[in-house]
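Try each task before reading its solution.

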Amino acid sequence: MRQLNEASGPQAAGAVQRLLEHWRSRGGELQYGTSASASCAPIIKVGGQSLYAIRFYAKSAEIPFGLLRKRKPFDDPALREELRQRLNDAPGVDIPVAKLELYPPIKNTQLANVAVSDVVVAALDWFMAVVTASDERAWDSP
């Protein structure tokens, strides 16, 4: 949080902190990076692996479409596209279709805008619901 505060300012740091607190209140976990430039991802564990829809760094938040394309249920391009569209509903966020297999960023300073952070929170809630429903279907399969 210190690096985020220094690089992106207190409003962005507060917005990220509120987003992470919301994630944890819904039962999600946090995964912290170990390199000198800190990172944090709100994760959900499914079938022995961790999935995340966003990873926060000091200046930006990365959307890991490149990772998600290899992980169920987001190996389905339609689900990655829906996540992209949901994030693009945020004012000023414009992730092109061409980035659906890459790691496009969103500036943390954008999250200081309540309209943007509300859309990102809603997209993460949707992500958690999709992953949870997919995991439950896996248990129901013979």
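**Exercise 1: the pocket**

By class, how many nonpolar, polar and charged residues does the lining of the largest pocket have? Work this out in the predicted model, then find which elements contribute.

Solution. Start with the size: the largest pocket has a volume of about 280 Å³. Its lining consists of 18 residues. Sorted by class, these are 11 nonpolar, four polar and three charged residues. Next, look towards the centre of the pocket, where Met1, Leu4, Leu20, Tyr32 and Cys40 lie nearest. Helix H1 (2-8), helix H2 (10-25) and strand S1 (29-32) are the elements that give two or more residues to this lining. H2 gives the most, with five residues.

**Exercise 2: a charge without a partner**

Find Arg80 and decide whether this residue is buried or exposed, and which side chain of opposite charge is nearest.

Solution. Begin in helix H4 (residues 77-88), where Arg80 is found. Arg80 is buried. The nearest side chain of opposite charge belongs to Glu101, 4.2 Å away. A salt bridge needs the nitrogen within 4 Å of a carboxyl oxygen, so Arg80 has none. Finally, check the surroundings: beyond residues up to four places away in sequence, Arg80 touches Phe65, Leu68, Arg69, Phe74, Asp75, Leu100 and Glu101.

**Exercise 3: pairs that do form**

How many salt bridges does the count come to? Examine three of them.

Solution. The count comes to seven salt bridges. One of them joins the side chains of Arg26 and Asp125 at 2.7 Å, N to O. This pair links distant parts of the chain, with Arg26 in the loop between H2 and S1 and Asp125 in helix H6, 99 residues apart. Arg26 counts as partly exposed because its relative accessibility is 40%.

Now turn to Arg86 and Glu82, whose side chains meet at 2.9 Å, N to O. Both lie in helix H4, four residues apart, or about one turn of the helix.

Last, take Asp75 and Lys72, with their closest N and O atoms 3.3 Å apart. Lys72 counts as exposed because its relative accessibility is 60%, while Asp75, at 33%, is partly exposed.

Methods:
Residues are numbered from 1 along each chain as its sequence is written. This is a predicted model: local features need pLDDT of at least 70, side-chain atom pairs count only at pLDDT 80 or more; totals for chains, interfaces and linings use all residues. Side-chain values use heavy atoms; hydrogens and water are left out. Buried means under 20% relative accessible area, exposed over 50%, partly exposed in between (1.4 Å probe, protein chains only). Lys and Arg count as positive and Asp and Glu as negative; His and the chain ends are not counted. Contact means heavy atoms within 4.5 Å. On a 1 Å grid over the protein atoms alone, a cavity is a set of points where a 1.4 Å probe fits but cannot get out, and a pocket is an open set with protein on both sides within 12 Å along at least five of seven lines; lining residues have an atom within 4 Å of a point. Grid points are joined across faces, edges and corners, and a volume is the space filled by probe spheres set on the points. Ala, Val, Leu, Ile, Met, Phe, Trp, Tyr, Cys and Pro count as nonpolar, Asp, Glu, Lys and Arg as charged, and the others, Gly among them, as polar.
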